[in-house]
Amino acid sequence: MIVVTGATGNIGRTLVQILAEQGHEVTAASRRITDGDVPPGVRAVSADLSQPSADLPSAADALFLLVGGDLMMAGDPARVVAPFAGYGKIVLLTSPRRPSTN
């Protein structure tokens, strides 16, 4: 199984689609997600990475971990990845926080 976080965004949505088309078992996770947001056969899971979530699997073959600037600003990337130690492979993609235009 491959878990994809940020699954409703530009990168995550495309990755979920490609993995599903290739026949992988995929769990798509995002803060606000429904079954209608993912291709047939993909499990949709609501999860906020800034909060512990019982809905994310405790282990998987691989994890695509998309982390926004707010969470990364909190400190060490190892702290963000640590809760997923049971995952076989982890790909971490971070996105910087956009500066305010006010």
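A: Start with helix α1, where Asn10 and Glu21 are exposed. Exposed means over 50% relative accessible area, buried means under 20%, and partly exposed lies in between (1.4 Å probe, protein chains only). The model is predicted: local features need pLDDT of at least 70, side-chain atom pairs count only at pLDDT 80 or more, and totals for chains, interfaces and linings use all residues. Residues are numbered from 1 along each chain as its sequence is written, and side-chain values use heavy atoms, with hydrogens and water left out.

α1 covers residues 10–21. Helices (H or I, at least four residues) and strands (E, at least two) are DSSP runs, numbered from the N terminus. The buried residues of α1 are Gly12, Val16 and Leu19. They sit on the same side of α1, because they cover an arc of only 70° around the axis. That arc is taken over the directions from the helix axis to the C-beta atoms. Asn10 and Glu21 lie on the other side.

Now the length. The twelve residues of α1 should span 16 Å at 1.5 Å a residue, and the end C-alpha atoms are 17 Å apart, which agrees. The expected span is 1.5 Å times one less than the number of residues. Just after α1, glycine 23 takes a positive phi of about 90°.

What does the buried side of α1 pack against? Its buried residues pack against β1 and β2. Contact here means heavy atoms within 4.5 Å. The helix as a whole lies across β1, β2, β4 and β5, and runs at about 160° to β1. Axes are lines fitted to C-alpha atoms, for helices over the stretch in contact, and angles run from 0 to 180 degrees between N-to-C directions.

β1, α1 and β2 make a right-handed β-α-β unit. Right-handed means that, with the strands pointing away from the viewer, the path from the first strand over the helix to the second runs clockwise.

β1 (residues 2–5) runs parallel to β2, joined by four bridges. Strands count as paired if DSSP finds at least two bridges between them. Valine 3 stands opposite threonine 27, and valine 4 has alanine 28 as its bridge partner in β2. Three bridges join β1 to β4, also parallel. There, valine 4 stands opposite phenylalanine 64.

Side chains in a regular strand alternate between the two faces of the sheet. In β1, Ile2 and Val4 point one way, Val3 and Thr5 the other, and all are buried. β2 (residues 26–30) is mostly covered, with five of its five residues buried. Val26, Ala28 and Ser30 point one way from β2, and Thr27 and Ala29 the other way.

Next, the sheet. Its five strands form an open sheet in the order β3-β2-β1-β4-β5, with parallel pairing. β3 and β5 (89–95) are the edge strands, each pairing on one side only. The twist averages 20° from one strand to the next. β2 meets β3 (residues 43–46) over four bridges, with threonine 27 opposite arginine 43. β4 (residues 62–68) pairs with β5 over seven bridges, and alanine 62 stands opposite lysine 89.
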